[in-house]
Amino acid sequence: VAVIGGGIGWYAFAPASVPACDAASTRKTLDSLMRRVSMDVRMRRLDPDAGAVIETPTVGGMREVGYRKPERIRGCTAVMTQGDSREPMAYTIGPTEPKGDDMVVRGADVAIVEARFGNLDADGRPLYNAEPIGREAMEKAFREGAAPLGAARAASAARMRARTDPGLVRKDPNRSREIAEIEPTGPCRKLEDGTGHACPLIVEYNDSLMSALSGSDSSLPVKGEFTFVEDDNGGWRVGDDFAQTFMRKVLEARMGSIGVPNPSLRQ
């Protein structure tokens with residue numbers, strides 16, 4: 001489950017039209033992935049004679065969250081079942097290149113897919129674009145603000161893992177970054193003192209600490225409101241409270257992933 005949800009991408013070639021979330025070509029690709037993941041897990045076991053039998057997961061309950069028409073990308077969720085375990089999973093379907101005909105199915109974070117494809121207008125365009133900052137400027141400022149917190153080490157480790165992962169299960173380079181994905185979840189609001197704007201975001205964070213503890217890739221959905229202020233050159237940067245806010249939200253996400261109540265709500 002952690003492997004499939006933690007940033008992998010897998011390819012399926014299909015006609016120029018974007019296949020449905022439950023199309024035959026999509027199902028075939030997902031089934032192939034499940035078999036490959038199970039085989040990889042079996043091969044990596046130190047003692048093949050120890051432990052329980054590893055069952056091949058199955059995928060069901062495929063549904064479309066939304067379709068971004070300009071990019072021709074469909075956001076989908078499903079339920080992965082392995083024995084008695086049932087876990088949500090997400091994936092996207094779209095062209096390998098912006099104007100290409102070959103389609104690709106990529107693994108995705110459930111929370112990111114729900115936010116990115118669940119808030120679209122009638123034309124399939126996102127409702128929230130981090131205005132007045134803009135998506136591109138917001139993401140640039142966020143990544144620059146997070147870089148001193150350890151992104152370089154995590155990205156280097158992710159690249160090493162990607163180079164050693166052969167075959168069908170491929171790492172998506174973008175999702176191997178420490179800050180994999182960033183998506184606005186609502187409109188930004190102007191701060192009362194007029195110094196900047198606070199934007200509600202969800203961030204897919206590849207947590208090196210949780211990965212080390214679990215022994216596999218571990219991505220967390222980090223949710224919070226982050227402040228952005230204009231710099232002297234008319235650009236944008238994160239607010240002075242960014243490091244404290246971000247690390248607090250990461251801690252909350254870690255606690256939530258292991259079933260501990262939100263620490264900010266505990267007195």
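Trainee: How many aromatic pairs does the structure hold?

Mentor: The structure holds seven aromatic pairs. Keep in mind that this is a predicted model.

Trainee: How is a pair of aromatic rings described?

Mentor: You take two things, the distance of the centres and the angle of the planes. Now try Phe142 and Phe246: the ring centres are 5.7 Å apart and the planes stand at 85°, so this pair is edge-to-face. The cut-off behind that label is an angle over 60 degrees.

Trainee: Which parts of the chain does the pair of Phe142 and Phe246 tie together?

Mentor: Phe142 belongs to helix H4 (residues 135-146) and Phe246 to helix H7 (residues 242-257), so the pair ties together parts 104 residues apart in sequence.

Trainee: Are Phe142 and Phe246 buried or exposed?

Mentor: Both Phe142 and Phe246 are buried. Phe246 also pairs with Phe242, and that pair is stacked, with 5.6 Å centre to centre and 5° between the planes. Phe242 and Phe246 are four residues apart in helix H7, so about one helical turn separates them. As for accessibility, Phe242 counts as buried because its relative value is 4%, and Phe246 is buried with a relative accessible area of 1%.

Trainee: Which residues do ring pairs link into a cluster?

Mentor: Phe142, Tyr205, Phe226, Phe242 and Phe246 are linked that way. There's a charge to look at as well: the charged end of Arg74 sits over the ring of Tyr67, 4.6 Å from the ring centre.

Trainee: Which residues have the most contacts inside the largest nonpolar core?

Mentor: That core has 23 residues, and the ones with the most contacts inside it are Phe142, Ile179, Leu201, Val222, Phe228 and Phe246. Helices H4 and H7 each supply at least two of its residues, and so do strands E7 (179-184), E9 (197-206), E10 (219-230) and E11 (236-238). Leaving aside residues up to four places away in sequence, Leu201 touches a list of residues including Met138, Phe142, Ile182, Val222, Phe226 and Phe228. There is also a second, separate core of 16 residues, with Val18, Leu30, Ala78 and Val105 among them.

Trainee: Let's turn to the strands. In what sense do E3 and E4 pair?

Mentor: Strand E3 (residues 73-82) and strand E4 (residues 85-95) pair in the antiparallel sense, over nine bridges. E3 and E4 form a hairpin with two residues between them, and Gly83 in the turn has a positive phi of about 65°.

Trainee: Which residue in E5 stands opposite Ala90?

Mentor: Ala108 does. E4 and strand E5 (residues 103-108) pair in the antiparallel sense too, over six bridges.

Key
Residues numbered from 1 in each chain as written. Predicted model: local features only at pLDDT ≥ 70, side-chain atom pairs only at ≥ 80, totals over all residues. Heavy atoms only, no water. Pairing = 2+ DSSP bridges. Phe/Tyr/Trp six-rings, centres within 6.5 Å; stacked < 30°, edge-to-face > 60°. Buried < 20%, exposed > 50% of the residue type's maximum accessible area, 1.4 Å probe, protein only. Lys NZ or Arg CZ within 6 Å of the ring centre and 35° of its normal. Core = buried A, V, L, I, M, F, W, Y, C linked by side-chain atoms within 4.5 Å. Contact = heavy atoms within 4.5 Å.
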